[in-house]
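Visitor: Hey, could you walk me through this protein? I'm new to reading structures.
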Amino acid sequence: MIWELQSSFENRDKQDNDEALASDPMGEATAAVLHGVEDLRIETFDLPKVRTDDAVLRVEACGLCGTDHELFMGHIPAPYPIVPGHETVGTIEAIGDQAAAKWQINVGDRVAVECWQSCGACESCRTGVYRRCVKHGQTDLYGMIPTDREPSLFGGYATHHYLSPDSLVLPVPAELNAVEATLFNPLGAGIKWGVEIPGTQPGDYVAVLGPGIRGLCALVATRDAGAEFVAVTGYGPNDHPRLEMAEAMGADLVVDVAEEDPARKFRDATGGRLADVVIDVTANAPTAFGQAVRLSAVDGTIVMAGVRGQKGAPDLHADAIIWKELTVKGALGVDAPVYRRALELLAERKFPFDLFSRREVGLNEAADLLTDMAGKGSKPPPVHGVIVPGL
């Protein structure tokens with residue numbers, strides 16, 4: 001539960017936050033600041049003084065999420081200017097005594113930073129559903145906080161990241177380097193959306209819609225949970241390298257839905273069976289939900305984690321949801337227990353995550369990588385894009 005990471009709000013020491021500590025970081029931080037659509041600028045900020053209940057992280061790596069290039073391209077509104085980045089891994093450079101005791105970490109420790117913040121006091125936080133925190137909610141996420149809020153460094157596209165008293169941090173196993181550890185976020189999503197939410201069991205037949213990093217991580221997670229058969233779908237020639245990657249990582253079937261009917265291919269491959277669990281992690285793919293319904297077996301479960309804006313769901317046979325008695329569940333975010341399991345699974349090295357195509361760039365090349373990730377650049381988008389401020 002959340003209390004393993006964060007002690008009760010009521011038990012916080014009431015020391016004055018103006019008490020500075022001897023471990024204050026010195027100097028300036030460099031950050032890539034998003035000022036508007038495709039307007040990413042390199043800027044400097046003063047490093048904040050560390051108080052008794054907060055910390056400063058030296059960022060080693062920050063993974064790129066689909067949300068990042070959607071923000072960059074203007075498809076998702078943002079409270080500009082912001083320092084993007086919410087898949088952050090780094091080492092603690094300075095930390096207050098109270099924060100060190102609460103998070104059970106110290107200077108020099110490598111940690112992964114969750115995008116959510118948690119007050120620890122409201123009912124949502126007390127029950128572990130801290131993505132619904134009444135103080136922070138879903139608008140106060142790391143990577144989405146305006147730089148006009150002091151101390152400005154609230155995202156991973158920077159040399160340093162401020163950790164507020166309400167931060168949630170996870171120790172990184174020693175077996176993982178910082179770039180590898182950034183997979184904690186997409187793999188956590190794969191476990192949460194592919195296994196925990198639908199209750200995937202050994203022997204289940206599974207379909208994953210979308211061969212991006214979260215789809216491939218859902219493939220890994222369902223395999224780890226004992227799924228008997230896993231199919232992965234993509235769309236068009238650009239997805240073919242990713243579908244090949246899915247096969248190499250253990251998919252029993254891959255389907256280009258631009259060329260073939262996924263439900264028919266699934267039945268042909270399984271002797272007539274359909275999927276007990278369908279995980280839709282597509283982005284802006286209006287027809288995917290209709291495909292999910294067709295792929296689902298009677299009493300099946302569909303998990304919807306891919307957003308499609310206001311495009312609706314053409315080709316949806318809605319009555320089939322009734323006839324098949326399907327369960328449809330929305331998925332938003334991940335939580336600490338699942339992130340811990342993701343870090344453990346990465347450290348176990350049971351699955352070949354090194355097969356993921358990966359590009360690591362410094363802050364000055366972040367805009368080019370975001371453009372490529374959005375499919376608008378001169379290079380094919382990698383599965384795993386990573387900002388490494390030290391490059």
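Predicted model: local features only at pLDDT ≥ 70, side-chain atom pairs only at ≥ 80, totals over all residues.

Visitor: Okay, which residues have pLDDT under 50?
Guide: Residues 1-22 stay under 50. The model still gives that stretch 59 contacts beyond four places in sequence.

Visitor: How many helices and strands are there?
Guide: You'll find 12 helices and 15 strands.

Visitor: And how compact is the protein for its length?
Guide: Its radius of gyration is 21 Å, and the globule rule gives 21 Å for 391 residues, so the protein is as compact as a globular protein of that length. If you box in the C-alpha atoms along the principal axes, you get roughly 65 × 45 × 40 Å.

Visitor: How much of it is buried?
Guide: Buried residues are 58% of the 391. The accessible surface comes to about 16,000 Å², with 49% of that belonging to carbon and sulfur atoms.

Visitor: What about contacts between residues 24 or more positions apart?
Guide: Those make up 72% of the contacts with a separation of 6 or more.

Visitor: Switching topic: how far apart are the mean positions of the positive and negative charges?
Guide: They sit 3 Å apart, counting 34 positive and 56 negative charges.

Visitor: Now a loop residue. Is Thr 147 buried or exposed?
Guide: Thr 147 is buried, because its relative accessibility is 12% and the cut-off for buried is under 20%. You'll see Thr 147 in the loop between helix H3 (123-126) and strand E6 (160-163).

Visitor: Which residues is Thr 147 in contact with?
Guide: Setting aside neighbours within four places in sequence, Thr 147 touches Val 33, Phe 45, Pro 81, Ile 82, Val 83 and Ser 152.

Visitor: Last one: is Gly 375 buried or exposed?
Guide: Gly 375 counts as exposed, at 54% relative accessibility. Look for Gly 375 in the loop between helix H12 (366-373) and strand E15 (384-387).

Visitor: And how far is Gly 375 from Asn 238?
Guide: The two are 137 residues apart in sequence, and their C-alpha atoms are 9.4 Å apart in space.

Definitions and conventions:
Residues numbered from 1 in each chain as written. Heavy atoms only, no water. Helix = DSSP H or I, 4+ residues; strand = E, 2+ residues; numbered from the N terminus. Rg over C-alpha atoms; globule rule 2.2 N^0.38 Å. Buried < 20%, exposed > 50% of the residue type's maximum accessible area, 1.4 Å probe, protein only. Contact = heavy atoms within 4.5 Å. Areas by Shrake-Rupley, 256 points an atom, 1.4 Å probe, with all protein chains shown as cover. Lys, Arg positive; Asp, Glu negative; His and termini not counted. Charge placed at Lys NZ, Arg CZ, Asp CG, Glu CD. pLDDT = per-residue confidence, 0-100.
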